[in-house]
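Biologist: I would like to go through this model feature by feature. Please give the rule for each feature before the case.

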Amino acid sequence: MDKQIEFLVKLRDSCQMIADAANEYIDAMTPPEAKEKTQVAAVQEATFTTLKFEPQQGAKLGQFEVAYKQNNLPDKWGSAYNILRNNNATIKDRYHGETYQHSYWLYGEDKIYRQKLKPKT
């Protein structure tokens with residue numbers, strides 16, 4: 001049974017590496033004007049809201065939250081992390097969709113950040 005699980009984990013991880021490589025190649029080949037149009041998030045925010053976030057307070061950022069890898073389920077964490085990594089989500093270029101309540105980004109190792117979006121006026 002352990003060998004079967006190990007095989008499936010390796011298969012899943014290798015498929016994710018293939019998908020990541022394809023996404024990076026597509027991103028490299030996409031002209032800048034097309035990238036601006038594709039900034040809309042393609043996944044539901046539930047991908048991120050299933051993570052366990054801990055509240056934080058920063059001098060410049062104000063209120064925000066952090067999800068730590070070790071405090072979350074590996075599959076949920078991996079999925080959310082890969083989406084942010086593939087979209088190059090940084091504090092200056094945060095990931096969010098039209099209906100999202102929060103924006104998300106990566107900074108440092110094994111951490112996903114989020115901050116409540118300001119209401120549109």
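Predicted model: local features only at pLDDT ≥ 70, side-chain atom pairs only at ≥ 80, totals over all residues.

Modeller: Residues are numbered from 1 along each chain as its sequence is written, and side-chain values use heavy atoms, with hydrogens and water left out.

Biologist: Which residues have the most contacts inside the largest nonpolar core?

Modeller: In soluble globular proteins, nonpolar side chains tend to be buried together. A nonpolar core is here a set of buried Ala, Val, Leu, Ile, Met, Phe, Trp, Tyr and Cys residues joined through side-chain atoms within 4.5 Å. Buried means under 20% relative accessible area, exposed means over 50%, and partly exposed lies in between, with a 1.4 Å probe and protein chains only. The largest such core has 18 residues, and Phe 48, Leu 84, Tyr 95 and Ile 112 have the most contacts inside it.

Biologist: Which elements each supply at least two residues of this core?

Modeller: Elements are DSSP runs numbered from the N terminus: helices are H or I with at least four residues, strands are E with at least two. The elements that each supply at least two core residues are β2 (62-68), α4 (74-86), β3 (102-106) and β4 (111-116). Helix α4 gives the most, with four residues.

Biologist: How many aromatic pairs does the rule count?

Modeller: Rings of Phe, Tyr and Trp (its six-membered ring) pair if their centres lie within 6.5 Å; planes under 30 degrees apart count as stacked, over 60 as edge-to-face and the rest as tilted. The count comes to 10 aromatic pairs. One of them joins Phe 48 and Tyr 100, which are edge-to-face at 6.4 Å centre to centre with 65° between the planes. Phe 48 is in helix α3 (residues 46-49) and Tyr 100 in the loop between α4 and β3, 52 residues apart. Both residues are buried.

Biologist: Why is the pair of Phe 48 and Tyr 104 called stacked?

Modeller: The ring centres of Phe 48 and Tyr 104 are 4.4 Å apart and the planes lie at 20°, so the pair is stacked. Because Phe 48 lies in helix α3 and Tyr 104 in strand β3, the pair ties together parts that are 56 residues apart in sequence. Phe 48 has a relative accessible area of 0%, and Tyr 104 is buried at 0%. One aromatic cluster is formed by Phe 48, Phe 53, Tyr 95, Tyr 100 and Tyr 104.

Biologist: Which residue lies over the face of Trp 105?

Modeller: A charge sits over a ring if NZ of Lys or CZ of Arg is within 6 Å of the ring centre and within 35 degrees of the ring normal. Arg 94 lies over the face of Trp 105, at 4.0 Å from the ring centre. Arg 114 lies over the face of Phe 53, at 4.1 Å from the ring centre.

Biologist: How many bridges join strand β1 to β2?

Modeller: Two strands pair if DSSP finds at least two bridges between them. Strand β1 (residues 54-58) and β2 run antiparallel and are joined by five bridges, with Glu 54 opposite Val 66 in β2. The two strands form a hairpin with three residues between them. Strand β2 also pairs with β4 in the antiparallel sense, over four bridges; there Glu 65 stands opposite Arg 114. Five of the seven residues of β2 are buried, so this strand is largely enclosed by the rest of the structure.

Biologist: What span should α4 have?

Modeller: The expected span of a helix is 1.5 Å times one less than its number of residues. The 13 residues of α4 should span 18 Å, and its end C-alpha atoms are 18 Å apart, which agrees. Its buried residues are Trp 77, Ala 80, Asn 82, Ile 83 and Leu 84. Judged by contact, meaning heavy atoms within 4.5 Å, their cover includes α1 (2-29), α3, β2, β3 and β4. Gly 78 lies in the helix too, and is partly exposed at 22% relative accessibility.

Biologist: Where is Asn 88 placed?

Modeller: Asn 88 is in the loop between α4 and β3, and just after α4 this residue takes a positive phi of about 50°. Asn 88 is partly exposed, with a relative accessible area of 46%. Asp 110 has a positive phi of about 60° although it is not a glycine. Asp 110 is in the loop between β3 and β4, and counts as partly exposed at 33% relative accessibility.
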